[in-house]
Amino acid sequence: GWMSVMIARGCPYDCAYCCNHLLRNLYPNKNKYVRLPPLDYAINLIKRAIKLYPQIKGINFADDLLTFNEEWFSSFITKYREEINLPFICNARVASLTDKICLLLRENGCILVRIGVESGSEELRRSLLKRDETNNQIIEAFRRLRNLNIPSFSYNILGFPFETESQMRETLLFNQNLQPDGGTCFYFFPYPGTHLYNICKESGLLLDSSREMSGYFDGIAIKLTRAGTKVCRKIYNELRLYLLMRSLKERIGFLSGVVYIACRIYPGFFIKLLTRRSKLKNALRKVFYKQLFKKQ
């Protein structure tokens, strides 16, 4: 019942692990890399897609930052509500989640906002990832969404170059503080051409095995010089499990606590069962999105 669409193009930020700065350098006009379409074009694009697939019940906006330009977003989402009026999911950066933007999201049918937290270590985000949000700003953004009853989703990454065990655990503890309504965690992957790939290459952190990996779900892709791989996997599994339980808390209630305790007692079996690509994992994802629709 979900349809993914991308309305805008490009991202104005320069995150060290992301491909956008590489793509911006390939684009002929770097000053206009972020492209916002005319409102009528954007709305008609969605309408045509819905006409082809009338069973669609919700829209997943795959834009890097749908809320980047407040003026454009305000006009677009108001027109979207008037002419399409389907529940939607979108990505947003903490800095863009102002009181006005959050209110627009609530009033126009948003049922989930996905936010890149990436790391719970403010020091690591600033010094390595080129992310300048403070932890307090992130906490405030999640609070705004919670106060308006807009579910939140947290994206996280573990296994960055030079990341310490303490910084990895900060990411777990920070998410437990944020209490998002869902989320996930990936292993860092050094995509060629990105800033962090160059750092990994210059520091001799690249692994031969990473060449056979397809992306950030496959495993630890670099040498971890300040934390053990077993520790990284342990915290990764704990965080994915915590976020999965958060996403199911309302649907399965107290049972989520029972499952969580069982996973702690038999971590290897249950974590593989619940956090990898499996029929059970897909079924749980469907439960999560049905739960979101039920709130409307």
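The largest cavity in this predicted model has a volume of about 50 Å³, where a cavity is a set of points on a 1 Å grid over the protein atoms alone at which a 1.4 Å probe fits but cannot get out, and a volume is the space filled by probe spheres set on the points, which are joined across faces, edges and corners. The structure holds 2 cavities of 30 Å³ or more. Lining residues, those with an atom within 4 Å of a point, include Arg9, Asp63 and Phe68 for the largest cavity.

As this is a predicted model, local features need pLDDT of at least 70 and side-chain atom pairs count only at pLDDT 80 or more, while totals for chains, interfaces and linings use all residues. Residues are numbered from 1 along each chain as its sequence is written, and side-chain values use heavy atoms, with hydrogens and water left out.

The axes of helix H3 (residues 70-83) and helix H4 (residues 99-107) come within 10 Å and cross at roughly 10 degrees, so H3 and H4 are roughly parallel to each other (angles under 35 degrees count as such). Their contact (heavy atoms within 4.5 Å) involves, among others, Phe73 and Ile77 of H3 and Leu104 and Leu105 of H4.

The two residue sets divide by class as follows.

The structure holds 15 salt bridges, each a side-chain nitrogen of Lys or Arg within 4 Å of a carboxyl oxygen of Asp or Glu. In one of them, the side chains of Asp40 and Lys79 meet at 3.5 Å, N to O; this pair links distant parts of the chain, with Asp40 in helix H2 (residues 39-52) and Lys79 in helix H3, 39 residues apart.

Definitions and conventions:
Axes are lines fitted to C-alpha atoms, for helices over the stretch in contact, and angles run from 0 to 180 degrees between N-to-C directions. Helices (H or I, at least four residues) and strands (E, at least two) are DSSP runs, numbered from the N terminus. Angles under 35 degrees count as roughly parallel, over 145 as roughly antiparallel, 65 to 115 as roughly perpendicular and the rest as oblique. On a 1 Å grid over the protein atoms alone, a cavity is a set of points where a 1.4 Å probe fits but cannot get out, and a pocket is an open set with protein on both sides within 12 Å along at least five of seven lines; lining residues have an atom within 4 Å of a point.
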